[in-house]
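Colleague: I would like to learn how to read a helix and a pocket in a model. Could you guide me through one example of each?

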Amino acid sequence: MELDALDRALLRELQNDARQTNRDLAAKTGVSPSTSLERVRLLRERGAITGYHAALDLDAAGRPVQALISVRIRPPARPVIEGFREWAARLPEVIGLFVTSGAHDFLIHIAVPDVDSVYAFVIDRLTERREVTDVQTTMIYEHVQSRCIEPTSPDRPRSSRRAR
């Protein structure tokens, strides 16, 4: 998807504050409100904008303890991987899930009330699954997350390989 300078500016401003009015968005990007409205509509239709979300403070939500849990499953067959992925993604403790390559098949990011809840998640949920053969837990001391992802410019060389 080709994004021009205006598209990138609109995306940057919306990531900083998705609740701002269209008039404010237009002023910050130097275009008319009608142009801003139309371009944002096109960005949604093309899939560059997938939604608008409220960012929660995990402490305020009662989930101040975070961990990354690496999971290996066997056999490494598509139905097993897809089944585990769908099951794990629905768990209320899970705030992120990655299907990975290497020594482990999944990296699960959880946020829970306390360390005992991390232990319960690993022992009572993960290790009870027949396909889980290895679990490694890493406690998170601090989570710094980028709130604004800058789209690449059109003049940047692109890889000939695309993610699937």
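Modeller: We shall take a helix and then a pocket. Please note that this is a predicted model.

Colleague: What span does helix 3 reach from its first C-alpha to its last, and what is expected?

Modeller: Helix 3, residues 33-45, has 13 residues and reaches 18 Å, close to the 18 Å expected at 1.5 Å a residue.

Colleague: Which residues of helix 3 are buried?

Modeller: A residue counts as buried when its relative accessible area is under 20%, and as exposed when it is over 50%. In helix 3, the buried residues are Ser36, Arg39, Val40 and Leu43. They cover an arc of only 100 degrees around the axis, and therefore lie on the same side of helix 3.

Colleague: Which exposed residues does the face turned away from that buried side carry?

Modeller: That face of helix 3 carries Ser34, Leu37 and Glu45.

Colleague: What covers the buried residues of helix 3?

Modeller: The cover includes helix 1 (5-16) and helix 2 (22-29).

Colleague: Let us turn to the largest pocket. How many residues line it, and which lie nearest its centre?

Modeller: The largest pocket holds about 1400 Å³ of space. Its lining has 36 residues, and those nearest the centre are His53, Ala54, Ala55, Gln145 and Arg147.

Colleague: Which helix gives the most to the lining of the largest pocket?

Modeller: Helix 1 gives the most, with 4 residues. Strand 2 (94-99), like helix 1, supplies at least two residues of this lining.

Definitions and conventions:
Residues are numbered from 1 along each chain as its sequence is written. This is a predicted model: local features need pLDDT of at least 70, side-chain atom pairs count only at pLDDT 80 or more; totals for chains, interfaces and linings use all residues. Side-chain values use heavy atoms; hydrogens and water are left out. The expected span of a helix is 1.5 Å times one less than its number of residues. Buried means under 20% relative accessible area, exposed over 50%, partly exposed in between (1.4 Å probe, protein chains only). The arc is that of the directions from the helix axis to the C-beta atoms. Contact means heavy atoms within 4.5 Å. On a 1 Å grid over the protein atoms alone, a cavity is a set of points where a 1.4 Å probe fits but cannot get out, and a pocket is an open set with protein on both sides within 12 Å along at least five of seven lines; lining residues have an atom within 4 Å of a point. Grid points are joined across faces, edges and corners, and a volume is the space filled by probe spheres set on the points.
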